[in-house]
Amino acid sequence: AHVAPIQSGGTIGAWSQAGATPSPVYECTAVSSGMTLYVVDGIYDDSSKGAQVWSVDLSAQGKLGAWASLGPLPGQERALYSDAWIQSGTLYAMDANLTGDVMEMLRAPLGTNGLGAWSQDLWLPGFRGHPQYAFTGGFVYVLGGYVSDDAGNLPVVADVDGAPIKSDGSVGSSFTTTALPTPVAFGTVAAVDDYLFVVGGKDAVFAGSGLTQTASAQVAAGGQLATWAAQAPLPEGRTNHAMAVGGDYVFVTGGGFQGPGLD
């Protein structure tokens with residue numbers, strides 16, 4: 001695990017090693033709250049470390065302390081290829097439930113004694129592979145991704161669906177809203193104030209190059225999205241990348257274009 005300070009003017013300082021995960025891992029999902037980092041699932045070299053949530057406290061210099069397991073995910077559920085969020089003391093993780101052919105939200109309360117009992121909200125029928133997820137606090141969205149048709153093809157779609165987060169923290173009934181400008185999977189979304197920003201991705205599962213497109217849409221009071229507006233494109237196409245918001249800046253890291261990864 002590496003760390004770099006975010007400096008004034010949107011620049012990033014020198015990178016240094018912050019520590020190491022409990023075992024080498026990829027396809028994990030990380031989210032932070034205050035000075036605590038949470039890692040949800042992942043594919044570990046040591047398989048006994050997977051299918052659970054790990055937490056670690058950060059020092060003022062961004063160094064990692066000792067990792068602690070907060071317990072397993074419910075049943076055989078895996079939050080791989082997903083996003084996670086923390087709001088009002090609750091950890092949320094998006095998951096594609098292949099057995100039930102449904103998109104679900106896993107959620108559990110965070111407390112002084114660790115992680116509470118998991119709840120599962122099955123809110124969007126049908127499978128979506130590598131879609132873009134967004135969480136505004138009041139709403140959750142699944143944007144694009146790929147589906148599976150009767151012929152075994154895996155077309156990428158532009159469909160966008162959302163659902164409200166109810167007062168008890170659960171996910172309400174889903175609704176369809178404004179589709180993306182083009183079909184996109186393997187991209188990223190950032191929710192900032194009352195806007196969603198979609199960046200990069202690609203329009204085919206086993207082919208296609210990383211896209212440069214960036215688009216934004218405003219979230220109305222009822223959760224519906226306004227018309228998508230094109231924004232400044234990326235300097236180079238990216239897919240399978242990561243994106244985070246820091247202050248008044250959005251940072252895009254890694255990913256690839258047609259093959260090798262980008263630094």
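How many bridges join β20 to β21? Select the two strands and you will find two bridges, with the strands running antiparallel. Strands here are DSSP runs of E, at least two residues long, numbered from the N terminus, and two strands count as paired if DSSP finds at least two bridges between them.

Before moving on, a word on what you have open. This is a predicted model, in which local features need pLDDT of at least 70 and side-chain atom pairs count only at pLDDT 80 or more, while totals for chains, interfaces and linings use all residues. Residues are numbered from 1 along each chain as its sequence is written, and side-chain values use heavy atoms, with hydrogens and water left out.

**Stop 1: the sheet around β20**

Stay with β20 (214–218) and show Ser216, which stands opposite Ala229 in β21. Now widen the selection to the open sheet of four strands, in the order β18-β19-β20-β21 and with antiparallel pairing. Its edge strands are β18 and β21 (229–230), each of which pairs on one side only.

Next, step across to β19 (195–199). Five bridges tie β19 to β20, and Val199 stands opposite Thr214 in β20. Then pick β18 (residues 188–192), which is joined to β19 by five bridges, again antiparallel. Here Val189 has Val198 in β19 as its bridge partner. Between these two strands the hairpin has two residues, and Asp193 takes a positive phi near 55°.

**Stop 2**

**Stop 3**

Now select the open sheet with the order β14-β15-β16-β17, whose pairing is antiparallel. At its edges are β14 (132–135) and β17 (175–177); each has a single partner strand, so one side of each is left without a neighbour in the sheet. Inside, β15 (residues 139–143) pairs with β16 (residues 160–164) over five bridges. Show Phe139 to find Pro164 of β16 opposite.

**Stop 3: two nonpolar cores**

Finally, display side chains. A nonpolar core is a set of buried Ala, Val, Leu, Ile, Met, Phe, Trp, Tyr and Cys residues joined through side-chain atoms within 4.5 Å, where buried means under 20% relative accessible area (1.4 Å probe, protein chains only).

Which residues touch the most other members of the largest core? Of its 18 residues, they are Tyr141, Leu143, Leu180, Leu196, Leu225 and Trp228. β15, β19 and β20 each supply at least two residues of this core, and β15 gives the most, with three.

Technical notes
Buried means under 20% relative accessible area, exposed over 50%, partly exposed in between (1.4 Å probe, protein chains only).
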